Amino acid sequence: MNKIFINVKKIVVTSTIFFATLSSPLNANSKVLKIGAIPDQNQEVLDKRFNLFAKELAKTLDVKVKYIPVINYVAAVTGFRTNDLDLVWFGGLSGVQARLQTPNAIVIAQRDIDKEFKSVFIVNKKLKLDSISNKNGLKKLKNLRFTFGSENSTSGRLMPEYYLNDAGIKIENFKGKRVGFSGSHDATIALVNSGAFDAGALNKQVWENNLKNNPKRTKNVNLFWITPDYVDYHWVAQGNLDNRFRKGFTKELKSTILNLDIKNKENKKILDMFNAKKFIEAESSDYKNIEVIARKLKKIR
C-alpha cells in the first residue's frame, strides 16, 4: 500500500512540475508577445502560418514572440480574457465574444478578403442535388445529415445557420433532428466527401483552397450555394501592450501588420499563408451586425 501511495505521489509531483515548466516561462516573462488563433483548419497549416507570422513580428518589433496553439474556439476566447494571449486571430463571432469579455481590447486589422467574406454549402455528389441560386433553395437540405464546423465558427456555423433559419430551416429539420459539428472547415469537407454527412457549410476560402490543392478531398463533393457577403476574421490585441512593452507599441504592432507588402518576398509568404494580398484597417463597429446575429441565435447572451 505504501509503495502504491509513493508511486502515485511521484506521478502527481512529476505532473505538477511538468505543467509548471510549460507555463511558467511565458507567464513569468511579460516581455513575450503571445499570439494565438482560432483552430479553424488543420493544425499543421496553422503552425506554419502563425510561426512564420510570429517570426516577422519578432524581427520588426524587436521583441520575443511566441505562437501558442489552442484546442478550440472557446480556449482562444478564454486565453485572451485571462491575458494568456496578447494578440489573437479571431473569426467574426469569436472576436466579438472576446471583446465583450475583455475590457479595452483593440481591433488591430483584418485581411482584404474579410470585408466581403462568404460561406459555402456543400453536398455529397450521391445526392445529385443541383446548385441553387438563392437561400430559398436551402429547403432541399431538409431531412439530410448536416454538419457545421466549430460550434463558434462565424463562417462554419453562425452565418450558415442564420441563412438556414432565414429560409425557414431549423436544426430539428435535419435528419435525427440534430446536426454535427466537425470542429474545423477541413474536417467538414472530409466528412461530406466521405459520405459520413450528406451536406455541410464552411469557409469559402478554405473550400477553394481544397478544390485547388486537395482534389481527392473534394472529389465526391459539389458546391451547393454561396452565401452573401459579411465581415469575418480580424486581429484583436490586449489594451495594455503599451504598458507591458513600451509606449506606442500597439501602434507599432498595427503598423507592422498593415505594412506587410506582397512585393516583399518574406512578407508574401505570410500573406499567401493568410490567403490575402494585404491587411487593412478594421474597427469594432464593423462587427456590429455579427453581434446582432449572434444574439439572435443565442451565441451571445
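Phe146 is in contact (heavy atoms within 4.5 Å) with Phe121, Leu141, Leu164, Phe174, Val179, Gly180, Phe197, Ala199, Gly200 and Ala201, its neighbours within four places in sequence being left aside. The model is a predicted one, in which local features need pLDDT of at least 70 and side-chain atom pairs count only at pLDDT 80 or more, whereas totals for chains, interfaces and linings use all residues. Residues are numbered from 1 along each chain as its sequence is written, and side-chain values use heavy atoms, with hydrogens and water left out.

Phe146 belongs to strand 6; helices (H or I, at least four residues) and strands (E, at least two) are DSSP runs, numbered from the N terminus. With a relative accessibility of 1%, Phe146 counts as buried, the classes being buried under 20% relative accessible area, exposed over 50% and partly exposed in between (1.4 Å probe, protein chains only). Between the C-alpha atoms of Phe146 and Gln110 the separation is 30 Å in space and 36 residues in sequence.

An open sheet of 5 strands has the order 7-6-8-5-9, with mixed pairing; two strands pair if DSSP finds at least two bridges between them. Strand 7 (180-181) and strand 9 (221-226) are the edge strands, each pairing on one side only. Helix 6 (residues 185-194) packs on this sheet and touches strand 5, strand 6, strand 8 and strand 9, its direction making about 155° with that of strand 8. Helix 7 (residues 204-213) also packs on the sheet, where it touches strand 5, strand 8 and strand 9, at about 100° to the direction of strand 8. Axes are lines fitted to C-alpha atoms, for helices over the stretch in contact, and angles run from 0 to 180 degrees between N-to-C directions.

In strand 8 (residues 199-203), 5 of the 5 residues are buried, so this strand is largely enclosed by the rest of the structure. Strand 8 runs antiparallel to strand 5 (residues 119-124), to which 5 bridges join it. Within strand 8, Asn203 stands opposite Ser119, and Gly200 is the bridge partner of Ile122. The pairing of strand 8 with strand 6 (residues 146-148) is parallel and extends over 2 bridges; here Gly200 is the bridge partner of Thr147.

A further open sheet comprises 6 strands in the order 2-1-3-10-4-11, again with mixed pairing. Strand 2 (64-67) and strand 11 (279-280) stand at its edges with a single partner strand each, so one side of each is left without a neighbour in the sheet. Strand 1 (residues 32-37) and strand 3 (residues 87-90) run parallel and are joined by 3 bridges, with Trp89 of strand 3 as the bridge partner of Ala37. Helix 2 (residues 43-61) packs on the sheet, touching strand 1, strand 2, strand 3 and strand 10 (234-237), and its direction makes about 170° with that of strand 2.

Asp286 is placed in the loop between strand 11 and helix 12 (288-296). Its relative accessible area of 23% makes Asp286 partly exposed. Apart from neighbours within four places in sequence, Asp286 is in contact with Lys115 and Val231.

The axes of helix 3 (residues 73-81) and helix 4 (residues 92-101) come within 9 Å and cross at roughly 30°, which means that helix 3 is roughly parallel to helix 4 (angles under 35 degrees count as roughly parallel, over 145 as roughly antiparallel, 65 to 115 as roughly perpendicular and the rest as oblique). Tyr73, Val77, Phe80 and Arg81 of helix 3 make the contact with Ser94, Gln97, Ala98 and Gln101 of helix 4.
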